[in-house]
Structures are given as structure tokens and as C-alpha cells.
Amino acid sequence: MAALSPRLSVVLAVALLALAAMQADARPIVTKEGVLPLGSELNEESLDQPNELFYSELAGGKRSYLLNLGDMLFSSPGILGGVARQAGMSCGTCHQQGHNNPKLFIPGLSHRPGTFDTSGALFNPKADNGVFDAVRVPSLRGAKYLAPYTHDGKFPTLREFTRNAIVNEFAGPEPSPQVLDALEAYLKEIAFLPNPKLGAGGRLTKNASEAARRGEALFNRPFPHDAAMSCAGCHRPDAAFVDHQLHDIGSGGLVKTPTLINANFNAPYFHDGRFDSYGEVVDYFDKQFALGLKDNERADLVAYLDAVGDAQEPTIRNSVEAELDEIAQFISVLDTAIPERNKDVIALTVDTVGGQWRELGESFPAAKDTSVQGGLAERRRARDMVRAIVLSLREIAMAAAGNDFESAAQVYAGYRQQLAQASAGVKAAEAWSLFNPEVREAHFAALNQLAKLAK
Amino acid sequence: MSVPIKIATLIALVLLVVSRADAQSLVKGAADCKPFAVEHIGIALAGAKEMQAAVKAGDAKAAQAAWIKSRKGWEAVEPITGEFFPKLDEVIDAWPDAKQGYHAIEAALFAGKLDDIGGPVDGLVANLTEFNKQLSAPSFKFEPQGLLNGATKLAYEIGENKSKGGESPYAGTSAEDIYENNEGIEAVYKLVFHETLKARDAKLAQRIVDKIEDVEGFVKGKDLKNVDAAGLNKAGEELAVLLQTAAPKLKLQKPKVGE
């Protein structure tokens with residue numbers, strides 16, 4: 001059998017990865033007409049969403065206006081530009097609920113799911129460096145403890161990191177100070193998920209296994225050929241398992257020490273996402289630093305990483321209730337923005353929340369979707385209510401744009417009244433919505449059948 | 001009768017006359033919509049028949065061109081399809097179930113596969129023939145409220161997320177679909193509502209005309225890749241809001257945008 005050319009191999013590999021991504025609930029781009037390349041997968045349809053917790057709420061406090069504004073902006077395509085905005089992408093597309101997106105795949109910009117070349121031509125031709133250097137999309141959990149930012153530690157602060165992502169990576173307009181304030185506030189609030197196996201100072205607790213405890217000792221043990229070095233020397237347990245430094249570990253230049261907290265959910269590993277598992281990571285370090293680990297020691301180190309990287313409830317099942325809750329947090333921005341006559345924030349909020357309502361409405365299959373049986377009256381009612389509420393939001397933006405903030409406030413009050421009825425309506429239809437796995441399967445099977453016909 | 005009572009009676013009579021005149025004007029406009037709808041369903045049916053012949057002849061390119069022609073006719077009458085012919089609308093425009101209608105045909109046809117689409121094509125021709133028959137029947141009449149509902153609903157749908165390829169992703173004609181949708185909205189608005197609304201609120205009437213032009217500007221001569229999706233979304237929603245705002249001035253109910 002003749003060897004494949006490197007180019008053909010890449011094409012085949014990309015096709016296989018795209019195929020692998022076509023799971024029951026995946027919905028890759030199927031048309032050349034779309035703004036993203038054929039086979040792109042944004043993983044927007046997944047029922048299981050990363051759990052997102054905020055430090056203020058964990059401490060018994062509440063979400064501030066700035067946090068809600070930042071959270072809303074993080075989900076807003078309106079702060080990005082070019083193809084990203086056109087494709088309806090937001091910061092949250094790559095960092096779902098402030099985490100990562102292990103299924104994200106954009107042909108030409110991803111070499112495997114969960115990676116992305118931030119200096120490719122598609123999203124900002126001005127930033128194109130002509131090198132296919134896709135990196136792992138990082139989780140932003142605990143970001144406030146993890147400076148500097150990006151894999152090569154280019155940005156000392158979250159503010160600079162955020163501005164770069166908006167302007168340089170995704171061709172957005174220069175963000176205003178209030179936009180950056182809010183996004184920074186949001187990012188600093190995204191908490192590590194609780195892990196009962198991890199205690200004070202980054203020490204394992206009694207909840208960890210014996211193997212993990214043995215691994216902890218190995219983790220702290222000096223390297224055989226350089227006693228000044230150890231795993232814990234860079235991944236400092238008492239400092240969120242980072243040292244805020246760049247190191248050359250032979251993987252291709254200087255890279256930032258990544259945190260190990262909640263890392264079970266951060267795969268693929270290494271800056272370029274080359275490894276799928278801790279086993280591969282441990283093998284790499286074993287060889288690279290001539291650690292001379294025995295099989296049982298490798299297993300113990302993996303057990304340790306698995307204990308440190310664990311989390312309680314890493315994902316939550318998405319539901320109508322969860323969507324309504326997020327919408328409620330985002331829309332609360334208008335409580336301040338309308339009295340402040342802040343037109344920009346009102347417009348962004350209406351666009352973002354209106355988009356979320358639309359997506360929620362599309363979770364209730366239309367009468368034309370004959371792949372779904374039952375609950376037609378409930379589905380129709382839910383869709384009707386969602387549409388009415390989207391138009392109420394648009395009316396608020398129109399009034400504000402015309403400097404009629406009194407009308408904007410009145411319509412917003414009306415929205416609040418509509419909301420109770422609409423919430424009840426969408427909850428009543430949930431059994432026949434895409435939040436129900438059976439309905440979802442039927443709907444996506446029909447979509448996949450169309451895609452199959454079109455091949 | 002006292003003078004104030006006489007004046008009040010006179011005002012009431014004038015309002016009644018004006019109101020009746022408005023209603024008559026809307027009814028006449030609604031009647032004027034029928035030739036537009038018949039013409040475009042005629043285009044949809046003719047295209048479907050051409051597609052049927054091309055499929056039988058094994059000519060994929062001709063069948064694809066005929067699908068696009070048929071689809072253009074259909075998209076232009078979408079303000080009335082769901083509102084006045086919901087059952088036929090459901091089978092002709094079913095999605096995503098790949099058993100019948102335009103989209104079941106589209107997916108295979110634009111991949112150059114003709115073998116399995118003979119049945120759905122025959123079904124489409126039959127359903128469009130039935131649509132044409134019901135629409136053309138002398139007894140069938142459009143009523144203004146339904147037309148306003150249909151136009152408003154379609155304006156809302158114009159704003160739906162098109163980032164994954166829009167309504168006709170395999171044919172690649174989604175921007176044209178939207179253009180034709182907007183043509184349909186414009187026809188309905190101008191034939192039925194514009195003059196009456198202009199007499200009552202000239203500013204609002206003009207805003208609606210301008211907004212229809214805005215929507216057209218987003219899609220005219222463009223493919224979906226080059227359409228400002230966010231701008232189109234906003235313009236579609238704004239048009240729907242303006243049409244809703246017009247309703248009480250037209251003595252009609254606020255249009256519902258659901259199915």
C-alpha cells in the first residue's frame with residue numbers, strides 16, 4: 001500500500017475527526033454557505049453543560065451587577081467582530097460556562113477537537129502568522145490565580161488577555177472600559193469546582209485513595225538527576241498547582257505551568273493538546289526528565305493527578321429551568337442600564353438575551369418537525385410565548401435607541417409580567433422539547449438523515 | 001337633542017364611516033393580494049413540474065435549477081402559507097424529517113442523487129397543485145388580520161440564526177429565500193395596509209417601508225456568508241415590532257407571531 005502524502009493524511013485525519021465528532025447530539029456545519037468551514041463543530045447542542053460556580057456565591061454572597069454584565073457579555077457575539085460575530089460565536093463558544101470546549105473543532109484551525117489556532121486567518125486576517133499552531137482551549141476556572149495568561153504567558157493580567165482575545169483574535173471593536181471592567185469581574189469570579197479529595201495547602205485529604213497518596217509523595221520527590229527539581233516545584237500544591245512561570249519542558253518552547261485543579265475535565269493535555277490522558281503525560285515526563293519510574297509509580301502518579309484533578313458535579317444537565325435562570329441573570333443588567341440610559345449596554349443585552357430566548361424557543365420543535373410526536377399544543381404555546389417575549393425585548397432596544405427611556409422602562413416592566421407566563425409555558429412543554437433525550441434523539445436523527453442524504 | 005349630544009353623535013357617525021372605510025380598504029387590499037399569491041404559487045408549481053421532468057430525464061443540473069425556481073415562488077408566498085394553509089405548509093416545507101417536501105428533496109438533489117427523490121418530487125407537485133387549487137377557488141378570500149399575522153411572523157423568522165446555513169443549507173439559497181420572504185412581506189404590506197396606515201400614522205407607515213428596504217439591503221445580491229447576520233436579525237425583529245405597532249391603528253388585533 002502506497003504511503004499517503006502528508007497533505008492527504010492531514011485531510012483524512014481532519015475528516016475522521018469531524019466524523020468522530022458527529023455524535024448523536026453533534027451538529028457540525030453541513031453547508032458551504034455557512035460562515036464557518038464545512039465540518040466545523042461548536043458543540044452547542046450538548047445537554048450536559050460544564051458546571052459554573054462563582055466565588056461570591058460560594059461565600060454566601062450574591063452576583064453583582066458587574067458580574068452579571070460580564071457574564072452576559074461573555075455570551076455576546078456583539079463584542080466580537082468579523083467571522084466570529086457573523087457565526088454567532090461568543091467567548092462562551094470556546095469557554096463554555098467559563099470552562100473549555102473539548103469538542104470544538106474548526107477545520108484549518110483545530111488539529112484535534114478542543115484545540116484552536118488563535119492566529120489563523122479565518123477570524124482575523126490581520127493576526128494571521130502563517131503558522132498552524134493550534135493550542136488547547138484552556139478552562140478559565142480559577143483564572144484569577146493563574147496569571148500570566150495564554151500558554152506562552154504573553155499577558156500579565158486578565159484585562160489584557162481579554163482585550164487581546166476580543167480585538168486581535170476575534171477582530172472585535174476596541175472594548176470600552178466598562179466592557180473590560182465587567183469581563184474582568186466575571187473572569188475573576190469563575191471558581192474552581194469543589195474537590196473533597198483536596199484540602200488546605202493542596203494536600204490530599206482522607207477521601208483520596210492510597211495509590212493517590214503514594215503518588216503525592218512521588219510528586220514531591222526530587223528528580224533523580226536534579227534534586228532542585230520536582231513535579232511540585234512547578235505545580236506548587238499550595239499555590240493552585242502553578243508557579244506563574246514559563247518552562248521549556250521539551251514540548252516546543254517556553255510554556256506556562258498549567259494548574260492541575262479540576263484538570264480531569266481539561267483534556268486534551270499540554271499546550272497543544274497532544275495528550276489525551278494522564279498516563280501519556282506521566283510517560284512523557286518520565287522519559288523527558290529520566291525519572292526512572294516503575295510501572296506502579298506511574299500508576300500512583302496518575303492516581304494522584306486524578307485525585308487533584310477531580311471535582312464534585314463537573315457537569316450539570318441543561319434544562320428549561322437552567323436556561324431561564326441564566327436569562328434572568330443576564331436580563332437583570334437592564335435594571336441598572338435602563339435608569340442609567342446606557343444605550344450600548346441595553347442594545348447588547350437585548351441582542352444577547354433575545355438570542356438566548358430564540359435558542360430556547362427552537363428547543364420546542366415546530367409543527368413542521370414531524371420527527372417529533374406529541375405535545376404539539378404545548379410546543380406551539382411555548383414557541384408563541386418565546387417569540388412574543390423576543391419582540392418585547394426588541395421593543396425595549398428600539399425605544400432606548402430613540403432616547404425614549406420611559407417607554408423602554410414601561411416595556412421592560414411588561415416583559416417582567418410576560419415572563420411569569422412565558423416561564424410557565426416553556427416549562428409545561430419541556431417534556432416535548434430537545435431537553436428530553438428521546439425527543440432530542442429523534443430530532444437529531446432526522447437532521448443526520450438529511451446530512452446523510454446530502455453526502 | 002342638546003347641542004353637545006348632537007356633536008357627539010356626529011363625531012361617532014364620522015368615526016363609524018371612517019372605520020368602515022378603513023375596513024373596506026383593508027378588505028379590498030386583501031383581495032388584491034390574491035393575484036400576487038396565485039402568481040407565485042404558480043411559479044412554485046411550474047418549477048416543481050420542471051423538476052419532476054428533469055428528475056425523470058436524469059438531468060440533475062436542470063432539476064436543481066428547477067428546485068431553486070420553485071423555491072423562489074414558495075418563499076415569496078410564505079406570509080400566507082402557514083397562516084391560511086397550515087396543513088399543506090407542514091408537508092410542503094417539512095423540516096428536518098427527510099420524508100417529504102422541499103427539504104427532503106433538497107438534501108439528495110444537491111448532492112446529485114436522483115434515484116430516491118422521485119416519490120417526494122411527485123408528492124411536492126401534488127401538494128402544490130392542491131395548494132394552487134384551494135388558493136384559486138373563487139370562494140377563498142384572504143382576510144386582513146391573517147395577512148398581518150403572516151407578515152409579522154415571517155419578519156420575525158427572517159431574524160433567525162443563519163450561522164449554520166439557514167433554511168436551505170444544501171441548496172445554498174438561504175439568502176435568496178430571505179430576499180423572497182421580504183418581497184412577500186412588502187407585497188402584503190403595500191397591497192393591504194400601507195395606504196390605510198399612512199392616513200392614520202404617516203410616520204409609522206414610512207418607518208415600515210424603510211425597514212422593509214433595510215431588510216432587503218442585508219440580503220440583496222448576497223450569499224449567506226456575506227450577510228450581516230446580527231444586523232439582519234435586528235432588522236427582522238424591528239420590522240415585526242413595527243407591524244405589531246401598526247395593528248391597533250389599522251383596527252386589527254396585535255398580530256401573534258406563533259404558528
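Predicted model: local features only at pLDDT ≥ 70, side-chain atom pairs only at ≥ 80, totals over all residues.
B:Glu183 belongs to helix α8 of chain B, which covers residues 174–200.

### Two further residues

A:Val242 sits in the loop of chain A that runs between α9 (231–234) and β4 (246–248). When residues up to four places away in sequence are left out, A:Val242 touches A:Leu146, A:His235, A:Arg236, A:Thr257 and A:Thr259.

Is B:Glu237 buried or exposed? B:Glu237 is buried, because 27 other C-beta atoms are found within 10 Å of its own. This residue is part of helix α10 of chain B, and its contacts reach into both chains: once neighbours within four places in sequence are set aside, B:Glu237 is in contact with A:Val390, A:Leu391 and A:Arg394 in chain A, and with B:Tyr156 and B:Gly159 in chain B.

| Pair | Separation along the chain | C-alpha to C-alpha distance |
|---|---|---|
| B:Glu183 and B:Glu75 | 108 residues | 8.9 Å |
| A:Val242 and A:Thr257 | 15 residues | 5.6 Å |
| B:Glu237 and B:Ala171 | 66 residues | 26 Å |

### Chain B and its side towards chain A

Chain B contains 10 helices and 0 strands. Of its 259 residues, 51% count as buried. Among the contacts in chain B with a separation of 6 or more, 74% are accounted for by residues 24 or more positions apart.

Where the two chains meet, 37 residues of chain B are in contact with 38 residues of chain A. On the chain B side, α5 (101–109) and α10 (229–249) each supply at least two of the residues that touch chain A, and the most are given by α10(B), with 7 residues. Sorted by class, this side of chain B has 17 nonpolar, 9 polar and 11 charged residues.

The other helix named here, α5(B), is mostly covered, with 9 of its 9 residues buried; among them are B:Tyr102, B:His103, B:Ile105 and B:Glu106. What covers the buried residues of α5(B) includes α17 (437–453) of chain A, together with α2 (60–76), α4 (86–92) and α6 (118–136) of chain B.

The domain assignment divides chain A into domain 1 (19–189), domain 2 (200–308) and domain 3 (319–453). The C-alpha centres of domain 1 and domain 3 of chain A lie 23 Å apart, and 15 residues of domain 1 are in contact with 16 residues of domain 3. The side of domain 1 that touches domain 3 is made up, by class, of 7 nonpolar, 4 polar and 4 charged residues.

Two packed helices are described by the angle between their axes and the distance between the axes. In chain A, the axes of helix α6 (residues 158–169) and helix α7 (residues 177–189) come within 9 Å and cross at roughly 115 degrees, and the crossing in which α6(A) passes α7(A) is right-handed. The contact is made by A:Leu158, A:Arg159, A:Thr162 and A:Arg163 on the side of α6(A), and by A:Leu180, A:Leu183, A:Glu184, A:Leu187 and A:Lys188 on the side of α7(A). By class, the residues of this contact divide into 4 nonpolar, 1 polar and 4 charged.

In soluble globular proteins, nonpolar side chains tend to be buried together. In this model, the largest nonpolar core has 188 residues, and those with the most contacts inside it are A:Ile346 and A:Ile396. Helix α15 of chain A (residues 376–401) provides the largest share of this core, with 13 residues. Apart from residues up to four places away in sequence, A:Ile396 touches A:Ile346, A:Val350, A:Ala408, A:Val411, A:Tyr412 and A:Tyr415.

Methods: Residues numbered from 1 in each chain as written. Chains lettered and ligands numbered in written order. Contact = placed C-beta atoms within 7 Å. Helix = DSSP H or I, 4+ residues; strand = E, 2+ residues; numbered from the N terminus. Nonpolar A, V, L, I, M, F, W, Y, C, P; charged D, E, K, R; others polar. Core = buried A, V, L, I, M, F, W, Y, C linked by C-beta atoms within 7 Å. Buried ≥ 20, exposed ≤ 12 C-beta atoms within 10 Å, placed from the backbone. Axes fitted to C-alpha atoms, helices over the stretch in contact; angles between N-to-C directions. Left-handed = near helix turned anticlockwise from the far one by under 90°. Domains from an automatic or database assignment.
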